[in-house]
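Trainee: I am new to this structure and would be grateful for a close look at one part of it. Please take the time to connect the details.

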Amino acid sequence: MQDETSWTTSLLARIRRERPVLLAAILSALVAIAAGMNKWAVLVLLLAMILTALFNEAPVIKAEPVEPLEIEPEAPASHLPDVSATLASLDIPVMVLSGDASVLFQNRAAEKAFGEVALGAHISARLRSPGVLDMVRETIATNAPNQIEHSERLPSERVYIVRSAPVEFGAEEETRERYFILSFRDISEVRRIDRMRSDFVANASHELRTPLASLRGFIETIQGPAKNDQKAQARFLNIMLDQATRMSRLVDDLLSLSRLELKSHIAPDEKVDLVPLLGHVRDSLVPLAREVGVEINLHLPDGKVEVLGDRDELVQVFENLMENACKYGQEGEIVDVWLKNGAGQPVEVSIVDKGPGIPAEHVPRLTERFYRVSIEDSRSKKGTGLGLAIVKHILTRHRARLIVKSEVGKGTDFTVRF
Ligand code: ADP
């Protein structure tokens with residue numbers, strides 16, 4: 001249908017174009033007939049002229065292939081896609097801002113940390129902190145990098161070093177747009193570790209200060225009022241020996257902890273048979289158990305029960321746990337030690353006492369350094385408050401877990417699961 005229409009249109013156009021020729025042909029034919037020529041011959045001639053005028057195609061000029069014109073590509077109007085693609089895979093939150101501080105792009109990490117932001121929105125729609133906004137304004141005005149510390153409360157408490165800086169392109173890559181990068185370095189973990197370290201130093205100094213003050217007091221007494229009192233001096237010297245021993249226990253525990261921290265990432269690979277190891281620990285604690293009136297019963301399977309570990313460290317773990325069970329569970333008079341090695345089940349060692357138990361609110365904090373349910377009770381039992389922290393460190397290195405179940409009035413079960 002469309003072909004038909006275009007054919008008619010082109011025929012009409014040709015008639016219009018060849019109109020003078022056609023008119024001339026018709027006039028000549030009429031003159032020839034009037035002059036007495038054979039009218040049929042004249043008509044045939046006329047028809048031939050008309051057909052030639054209308055349907056004789058003009059010679060087709062074949063298009064010669066021409067070399068394509070080389071058009072100089074224009075300098076890219078926007079570098080944003082390149083900049084964004086590079087930043088997308090970074091694992092620290094990053095935003096790209098325009099010269100009027102609108103957010104043109106934010107990477108996944110930024111979305112995760114601050115939620116989605118409508119692209120093109122002003123940065124103040126996302127970050128309300130006047131400090132950050134002032135810094136961005138200054139960087140845009142001066143084209144110089146700046147940084148500031150900024151805390152976010154939601155969704156969780158985080159501290160960031162926020163840095164704003166212009167994106168510098170090479171001189172030959174001038175663009176019309178100006179871009180600024182806003183990056184967020186999360187220092188929350190560093191801050192937490194700093195706080196822990198300073199708490200630890202404060203706690204350790206406090207623990208050492210008490211026996212030191214007591215030693216100093218006794219020395220002054222022996223030098224002064226008790227100068228000539230032999231009996232008092234002997235008594236005081238005994239107490240001083242206790243205090244000095246307490247300090248050296250504390251220093252030993254502190255050194256143990258720092259040694260463990262140094263190798264915490266290296267998993268031990270020695271095969272250790274727990275059957276003789278638990279027997280050895282029990283034997284070494286018999287004098288202490290006897291002193292506090294406790295009996296330690298071992299329940300061991302036949303044969304070997306091997307785990308990958310460091311023998312000395314595992315001795316330290318079970319010594320600490322059995323000693324605690326004897327000291328704090330002494331009123332139960334019995335401590336049971338179970339070694340379980342069921343087929344397809346993890347190896348477990350449980351140290352169970354029938355003592356007073358531990359109130360539930362204390363259980364999650366027992367492995368913190370210097371955490372004690374009762375400071376007086378721990379001190380009177382020669383505790384440093386570091387025993388379970390050491391246990392936890394060793395078990396972490398052994399990829400093992402400490403599970404504590406306790407019921408007030410019934411007793412406590414410390415289970416090590418390998
Ligand atoms: P400490 O040197 O004081 O014994 P630990 O880290 O070994 O330090 O233990 C921390 C605290 O946990 C102890 O002070 C004690 O209050 C509590 N605790 C540990 N084991 C037991 C237990 N078997 N029964 C009751 N309380 C316990």
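Trainee: Is Glu306 buried, exposed or partly exposed?

Mentor: In this predicted model, Glu306 is partly exposed, because its relative accessible area is 38%, a value between the limits of 20% and 50%. Its side chain meets that of Lys304 in a salt bridge, with N and O 3.9 Å apart. Lys304 counts as exposed, at 61% relative accessibility.

A second salt bridge joins the side chains of Asp310 and Arg397, at 3.4 Å from N to O. Asp310 belongs to the loop between strand E8 (306-309) and H10, whereas Arg397 belongs to helix H12 (residues 387-397), so this pair ties together parts that are 87 residues apart in sequence. Both partners are buried: Asp310 has 18% relative accessibility, and Arg397 has a relative accessible area of 5%. Through shared partners, salt bridges join Asp310 and Arg397 with Lys263 and Glu313 into one network.

Helix H10 (residues 311-328) lies across E7, E9, E10, E11 and strand E12 (411-417), and runs at about 20° to E10. These strands form an open sheet of five, in the order E7-E9-E10-E12-E11 and with mixed pairing. Its edge strands are E7 (295-299) and E11 (401-407), each of which pairs on one side only. E7 pairs with strand E9 (residues 334-340) in the parallel sense, over five bridges. In this pairing, Ile296 stands opposite Val335 in E9. Helix H9 (residues 274-292) also lies across E7, E9 and strand E10 (348-353), and runs at about 170° to E7.

Note on methods
Residues are numbered from 1 along each chain as its sequence is written. This is a predicted model: local features need pLDDT of at least 70, side-chain atom pairs count only at pLDDT 80 or more; totals for chains, interfaces and linings use all residues. Side-chain values use heavy atoms; hydrogens and water are left out. Two strands pair if DSSP finds at least two bridges between them. Helices (H or I, at least four residues) and strands (E, at least two) are DSSP runs, numbered from the N terminus. Contact means heavy atoms within 4.5 Å. Axes are lines fitted to C-alpha atoms, for helices over the stretch in contact, and angles run from 0 to 180 degrees between N-to-C directions. A salt bridge is a side-chain nitrogen of Lys or Arg within 4 Å of a carboxyl oxygen of Asp or Glu. Buried means under 20% relative accessible area, exposed over 50%, partly exposed in between (1.4 Å probe, protein chains only).
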